[in-house]
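Q: Can you walk me through some ring contacts and helix packing? Keep it plain, please.

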Amino acid sequence: MRTMDKRDRRWIDEMVVELRLQDIKGGVIGDAVTSVETHLAESGESAQETFGDPREYARSLTFTEAQRERMAPADWAMAIGPSLVGLAGLTLSTAAVRAYRLGTDVAVSVGELATLVLLVGVVMLVARRLRPILERPFVGVLAITVAVAVMAATAVLLREPAVHLPRALAAAVAVALLVGGAIVAQRVSPRLTDPVIDPRDGRDRYGSPRGEAAGRALAGASGWLILLVAVLLGLLTWFTA
């Protein structure tokens, strides 16, 4: 019985990536991988010799709609919403600290509001167009760089105040956004995982139990990390404003 080498494992990894891009469920991908591994072990051939290009092979497989896990708008909102809420709270909290330090109201500029809207659009576009970005990394990096530059320029150039808020109200809203985003992120993170399960033993093919727990903990803690950053930026702003 032939043992798979690094080339076979790399081939399988590329197949898994292609199946992920097709929105195939993790358990179904696990079945497909197991089928390939079983055939290779019995035939003694390499994956490239037997199945050809891994991406083309993945595209040749037929799946039912029930075997796909397409993310609805609500799922995207659940995935990126807490982080965006936390970033909004981060921006507002820094402005509130500066206002307290200078004794003024909080002025939210047109550029800051526009930048938040642009950020939402960029995140959604990247999520929707993940395949072109993975297939052409240079183009993807260039597009994201341009988007970041546009957002930065928008924040700098559009400095006209869009809304004035009392310091206390701005601080309260900022805390609510930061804490609320952190709590929601911690609660929804377990629902956003879809591991590639090996049907033979039920394990996650791409993670150890310790790694899975660490990944879930990191995803759940992302909101609290934004809160910590907000505190540090607030202290920096207070002493430099």
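**Rings and helices**

A: Arg167 lies over the face of Tyr100, at 5.2 Å from the ring centre. A charge counts as over a ring if NZ of Lys or CZ of Arg is within 6 Å of the ring centre and within 35 degrees of the ring normal. This is a predicted model, where local features need pLDDT of at least 70, side-chain atom pairs count only at pLDDT 80 or more, and totals for chains, interfaces and linings use all residues. Residues are numbered from 1 along each chain as its sequence is written, and side-chain values use heavy atoms, with hydrogens and water left out.

Q: What lies over the face of Trp238?

A: Arg101 does, at 4.9 Å from the ring centre.

Q: OK, new topic. How many aromatic pairs are there in the whole structure?

A: A search finds three. Rings of Phe, Tyr and Trp (its six-membered ring) pair if their centres lie within 6.5 Å; planes under 30 degrees apart are stacked, over 60 edge-to-face, and the rest tilted. In one of the pairs, Trp11 and Phe51 have ring centres 5.6 Å apart and planes at 35°, so the pair is tilted.

Q: Which helices do Trp11 and Phe51 lie in?

A: Trp11 lies in helix α1 (residues 6-21) and Phe51 in helix α3 (residues 47-51), so the pair ties together parts 40 residues apart in sequence. Helices are DSSP runs (H or I, at least four residues), numbered from the N terminus.

Q: Is Trp11 buried or exposed?

A: Trp11 is buried, at 4% relative accessibility. Buried means under 20% relative accessible area, exposed over 50%, and partly exposed in between (1.4 Å probe, protein chains only). Phe51 is partly exposed, at 21%.

Q: And what about Trp11 and Tyr57?

A: Trp11 and Tyr57 also form a tilted pair, 5.7 Å centre to centre with 45° between the planes. Tyr57 lies in helix α4 (residues 54-60), so this pair with Trp11 of α1 ties together parts 46 residues apart in sequence. Ring pairs link Trp11, Phe51 and Tyr57 into a cluster.

Q: Switching to helices: how do α1 and α2 cross?

A: The axes of α1 and helix α2 (residues 26-43) come within 11 Å and cross at roughly 150°. Axes are lines fitted to C-alpha atoms, for helices over the stretch in contact, with angles from 0 to 180 degrees between N-to-C directions.

Methods. Helix = DSSP H or I, 4+ residues; strand = E, 2+ residues; numbered from the N terminus.
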